[in-house]
Amino acid sequence: MASRKNKHKIFFLSLSRYYGFYTGGFIGFVILLAIAEQMGMSNAWIGYIFMAATFGLYAGIGVMSRTADISEYYVAGRRVPAVFNGMATGADWLSAASFIGMAGTLYLSGYDGLAFIMGWTGGFVLVALFIAPYLRKFGQFTIPDFLGARYGGDLVRTIGVFAAILASFTYVVAQIYGVGLISSRFLAIDFTTGILVGIVGILVCSMLGGMKAITWTQVAQYVILIIAYLVPVVMLSQRITDVPVPQLMSGQVLQKVTEREQDIFNDPQQLKARELFKHKADETDARIKGLPDSLSVERRDAEHNLVRIKEAAASDASAIRDAEQVLQNLPRNEVEARETWGREAEQLRASAKAPHPHAEPFPGENEKERDTARLNFMALAACLMIGTAALPHILMRYYTTPSVKEARQSVFWSLFFIFLLYFSAPALAILVKYEIYTKLIGSSIADLPAWVAAWGNIGLVKINDINHDGILQLAELTLNPDVILLATPEIAGLPYVVSGLVAAGGLAAALSTADALLLTIANALSHDVYYKMIDPYASTPRRMIMSKILLLLVALIAAYFASLKPDHILSMVAWAFSIAASAFFPALVLGIFWKRANKWGAVAGMAVGIGLCLFYLVSVKFYGMTPWFGIKDTAAGAFGVPAGMLTLIAVSLLTPPPDTEARNLVEYCRYPHLKNDADGNSARA
Amino acid sequence: MPLSKIHQEYWEKNLRMTAALLLVWFLATFPVIWFVRDLNTFSFLGFPLGFYMAAQGSLIIYVALVWFYARHMNKLDKKYGVAEE
């Protein structure tokens with residue numbers, strides 16, 4: 001035993017040395033690129049070098065970690081020290097949405113966006129208290145494994161596999177979409193090629209070395225993504241407040257933002273601009289109502305206009321081109337018109353809406369709206385927290401530590417590394433808001449900074465001087481949430497190399513999450529379905545081959561869906577949390593804490609949980625059902641979890657108690673080490 | 001598999017600690033959201049207090065909770081002879 005402990009220590013020290021060198025090397029690499037930029041290296045080349053270096057690095061770690069050992073492949077040999085497992089979980093957790101989207105959401109929604117910040121950190125308290133140590137002691141490979149062993153029978157396992165795939169698949173599509181977006185923008189290739197490049201990056205790792213390769217790559221990816229997030233925020237804080245600690249300084253900046261908001265919101269030109277947007281929105285609504293006649297009128301007008309311009313004596317080429325463009329851009333038929341104009345009206349109405357102060361909680365027209373907003377904030381935070389403690393790709397990571405003790409410590413490190421980013425995101429949103437409110441709003445549209453035009457070119461920043469006063473009012477500026485983080489380096493006036501760093505960070509976040517999710521899906525199919533249910537006598541090489549083939553298939557299917565650029569992809573990610581929470585949380589927690597929970601209780605509880613959750617979110621989102629208590633579809637778990645929990649308890653009590661084997665398993669999981677454990681794994685089915 | 005009294009005591013202590021920390025987690029989350037307007041009448045580091053809690057304060061409490069639980073349980077394991085090795 002002592003020698004094993006010693007071996008762990010040596011392994012830990014050499015890992016620390018490797019990653020220490022690696023981090024130093026990466027910082028050196030960024031500094032070298034910064035010098036090269038000063039000496040005249042072009043932006044495109046900086047992009048290529050960043051991309052090639054990081055992809056090469058991930059592929060290199062993947063090749064070095066290739067393995068044919070089943071335990072290495074599924075759970076990284078169960079020897080990942082707590083700190084490194086924490087970093088890997090951090091990279092696993094921080095997805096494209098957290099890295100790129102979070103700051104933007106906070107910028108746009110102010111206080112109400114903080115539900116994500118609280119939900120995505122507070123969930124780890126539940127992981128620590130209810131799940132991680134017990135799952136580690138159980139010590140198998142997947143989450144359905146635990147459910148299958150605890151409750152017995154393939155039925156529970158099958159429901160588990162179904163829920164794991166459902167929750168992970170939408171999530172992975174969103175990640176691959178993110179990879180495609182960043183690499184296409186960054187390497188100036190088209191979106192589909194960007195996705196293919198990303199898929200290759202993902203597969204090199206996971207196919208060669210499974211969990212082992214993914215773990216060591218994720219540690220490397222965490223280092224890149226946290227540096228990439230903190231560098232621009234710290235520099236922006238230094239520029240605005242002269243102190244490089246954004247978390248500490250943003251309170252004062254928030255006060256300044258709040259003062260400035262009064263002037264901006266009540267500026268007469270701002271009010272006029274909002275009035276005009278509202279007027280235009282109403283006009284658009286009238287056009288939609290007047291369909292199909294309104295469309296034919298517009299087409300006729302556009303055609304007349306074109307003819308008139310062509311016949312005019314001094315017609316110039318560009319005027320003709322413009323008029324042709326107008327005609328071409330008209331919707332082709334009634335259905336298309338309804339859709340495009342509907343979207344237009346929605347955007348106009350958003351610009352016309354009264355902005356609300358950043359620090360104001362639950363803005364609303366009246367007390368009832370404010371109460372609903374508060375209820376939604378609580379429900380969303382609760383769903384995200386419980387979902388965190390139920391997402392298979394996160395829980396799987398706690399199988400990989402060497403001991404129960406390290407599993408507990410590893411939850412701490414996971415939360416700590418995740419906290420570093422979420423703790424900085426609200427500060428970033430405030431600092432960027434300060435810059436935009438003081439530097440952009442109220443200045444002449446003719447001389448806005450260059451980044452506005454650069455991001456405007458790809459449609460992420462829109463300016464519409466609707467009151468024609470040549471000055472930018474708040475209502476006239478529309479920002480896509482993604483632009484907040486991506487443009488921060490330019491807003492802060494930093495060299496292009498920092499933009500490259502941020503893109504590399506976003507890519508690291510998306511790739512690492514996609515890796516883990518794909519592996520979760522492939523493992524659910526190869527381990528739980530194929531090995532445990534179809535062919536329990538399959539040889540190890542056969543199981544590995546199956547897993548790799550499935551990995552490839554799932555990756556290609558996910559890439560196909562991502563290439564369709566689905567509209568609802570971001571709200572679908574929030575669904576994953578509600579689905580996982582409703583399906584897994586009651587069965588996992590009661591499975592450990594309540595010996596009386598039995599098979600039929602678990603089957604009924606999981607089925608009711610997922611069923612209610614899916615019913616609610618589909619009916620509210622797509623069939624216009626009136627939400628219960630005003631709760632939005634993204635927080636569907638607020639109904640699914642309690643319903644699943646109650647059903648599990650009620651049905652368990654109505655059916656016979658579980659057999660001794662299940663009770664023994666519960667006891668086995670509850671104690672990190674029992675004397676009887678030594679004589680074999682009798683309790684592990 | 002019969003468990004000794006000591007084992008049961010260990011589990012009860014674990015349950016008690018879990019419940020206590022869960023209560024702290026709950027207090028750091030839901031009342032902080034529900035009463036945010038009242039909290040906002042105070043200010044901390046320049047932030048309205050309710051805003052600060054959701055942006056940083058509760059997060060710090062969560063990290064501390066998980067750290068404390070790991071330390072406490074790892075000690076408890078040793079005391080009750082259920083630690084690994």
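View 1. Just after α6(A), G139(A) takes a positive phi of about 65 degrees. This is a predicted model, in which local features need pLDDT of at least 70, side-chain atom pairs count only at pLDDT 80 or more, and totals for chains, interfaces and linings use all residues. Residues are numbered from 1 along each chain as its sequence is written, while chains are lettered from A and ligands numbered from 1 in the order in which they are written. Helix α6 of chain A covers residues 114–138; helices (H or I, at least four residues) and strands (E, at least two) are DSSP runs, numbered from the N terminus. With 25 residues, α6(A) reaches 35 Å from its first C-alpha to its last, close to the 36 Å expected at 1.5 Å a residue (the expected span is 1.5 Å times one less than the number of residues). Look for V127(A), where α6(A) bends by about 55 degrees; the bend at a residue is the angle between axes fitted to the seven residues ending there and the seven starting there. Of the 25 residues of α6(A), 25 are buried, so this helix is largely enclosed by the rest of the structure. A residue is buried if 20 or more other C-beta atoms lie within 10 Å of its own, exposed if 12 or fewer, and partly exposed in between, with C-beta atoms placed from the backbone.

**View 2. Helix α1(B) and its cover.** The 30 residues of α1(B) should span 44 Å at 1.5 Å a residue, and its end C-alpha atoms are 43 Å apart, which agrees. A bend of about 25 degrees sits at L27(B), and a proline, P31(B), follows within four residues. Buried residues of α1(B) include Y10(B), N14(B) and W25(B), along with A28(B) and T29(B). Their cover comes from both chains: it includes α6 and α15 (367–388) of chain A together with α2 and α3 of chain B.

**View 3. Where chain B meets chain A.** Here 39 residues of chain B are in contact with 45 residues of chain A; two residues are in contact if their C-beta atoms, placed from the backbone, lie within 7 Å. On the chain B side, α1 (5–34), α2 (36–39), β2 (47–48) and α3 (49–79) each supply at least two residues. α3(B) gives the most to this side, with 17 residues. The residues of the side of chain B that touches chain A divide into 27 nonpolar, 8 polar and 4 charged. For this count, Ala, Val, Leu, Ile, Met, Phe, Trp, Tyr, Cys and Pro are nonpolar, Asp, Glu, Lys and Arg are charged, and the others, Gly among them, are polar.

**View 4. A cis proline in chain A.** The peptide bond from L291(A) to P292(A) is cis, with omega near 0 degrees. You will find P292(A) in the loop between α11 (268–289) and α12 (293–311) of chain A.

**View 5. Two loop residues with positive phi.** F629(A) is not a glycine, yet it has a positive phi of about 55 degrees. Its loop runs between α23 (599–622) and α24 (637–654) of chain A. F629(A) is exposed, with 11 other C-beta atoms within 10 Å. In chain B, L45(B) also has a positive phi of about 55 degrees although it is not a glycine. L45(B) lies in the loop between β1 (43–44) and β2 of chain B, and is partly exposed, with 15 other C-beta atoms within 10 Å.
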